[in-house]
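Please read it alongside the sequence and the structure shown here.

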Amino acid sequence: MDVAWMLLLLFPLLMWTSSTFVFYFKKFFYVAWMMFLAILGIPVCLLKSGGRDVENMRIIRSMVRHVKYLFGLRIEVSGWEHLQTEGPYVIISNHQSSLDVLGMMEILPDRCTTIAKKELVYAGTVGLICWLAGIVFINRKKTSDAKSVMADAAKTMLDEQIRLWVFPEGTRNQNGDLLPFKKGAFHLAVQAQVPIVPVVFSSYSSFYLRKEKQFKSGVIRLRILPKIETKGLTSDDVSCLSDQSHSLMRTAFLEISDLVAKSNGPLKH
């Protein structure tokens, strides 16, 4: 009992004085809360759709949108009109951390799911609800498997009229710039002959720094760029398409990140 009271008294003190404690507490709470939401969402998905169905992403979207408020985050979106595109398309975005899910759910269009690393399917209740939402799992370590999954995904996009969200950097990146893009998303779009819609998240460095163990409240700017058509393009055009997309997104990333930094100031570390 004495230990419990001591912990209860220490908690607000640590939250007030230790940025490292705040960082780990928020990270733990984020994961725990997402798993709890998944526990609530799984039976709803099963009752609504009876199993694996991209329509279950609507349930996840509605359940996750409040999470930003728990962490004092504000999401500002520009370019909404560029998502008003009929039929299937591929959304590509930069990837900084698991917090990207919050921005994704803020703008996720109907009948849209994502491509994620295969390891996510084993992440307890979160992995199960992701599977129920039709998320396409890919083994990044096996190129042949990845190509096969992308080919199947292209067919599914057209047959079921769905949209796919892809992170072409292939891994989380918080170095203040964009990593080179992997070609899978662009092969996917060209093979299906569907447009690409680039989405850019501003840098999180004004409120979240993983190495320095800093996690404060702040602003995330999302900019949705005009769609890039792929009709008539072939696999020979993929490299050029990737470079074009990277250049457009990098320019937007640096611009909106600079706006956020000027308004909030970078974290002290």
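E229 is partly exposed, with a relative accessible area of 41%, where buried means under 20% relative accessible area, exposed over 50% and partly exposed in between (1.4 Å probe, protein chains only). This is a predicted model, in which local features need pLDDT of at least 70 and side-chain atom pairs count only at pLDDT 80 or more, while totals for chains, interfaces and linings use all residues. Residues are numbered from 1 along each chain as its sequence is written, and side-chain values use heavy atoms, with hydrogens and water left out.

**Salt bridges**

- E229 meets K227 in a salt bridge (3.4 Å, N to O), a term for a side-chain nitrogen of Lys or Arg within 4 Å of a carboxyl oxygen of Asp or Glu; K227 is partly exposed at 40%.
- Elsewhere, salt bridges that share partners join E55, R58, R61, D110 and R111 into one network, and the structure holds 11 salt bridges.
- E55 and R58 pair at 3.1 Å, N to O, with E55 buried at 16% relative accessibility and R58 partly exposed at 37%.
- R61 and D110 have their closest N and O atoms 3.0 Å apart; R61 lies in helix α3 and D110 in the loop between α5 (100-107) and β3 (112-117), so the pair ties together parts that are 49 residues apart in sequence.

**Helix α6**

- In helix α6 (residues 124-132), the buried residues are G127, I129, C130 and L132; helices (H or I, at least four residues) and strands (E, at least two) are DSSP runs, numbered from the N terminus.
- Just after α6, G134 takes a positive phi of about 80 degrees.
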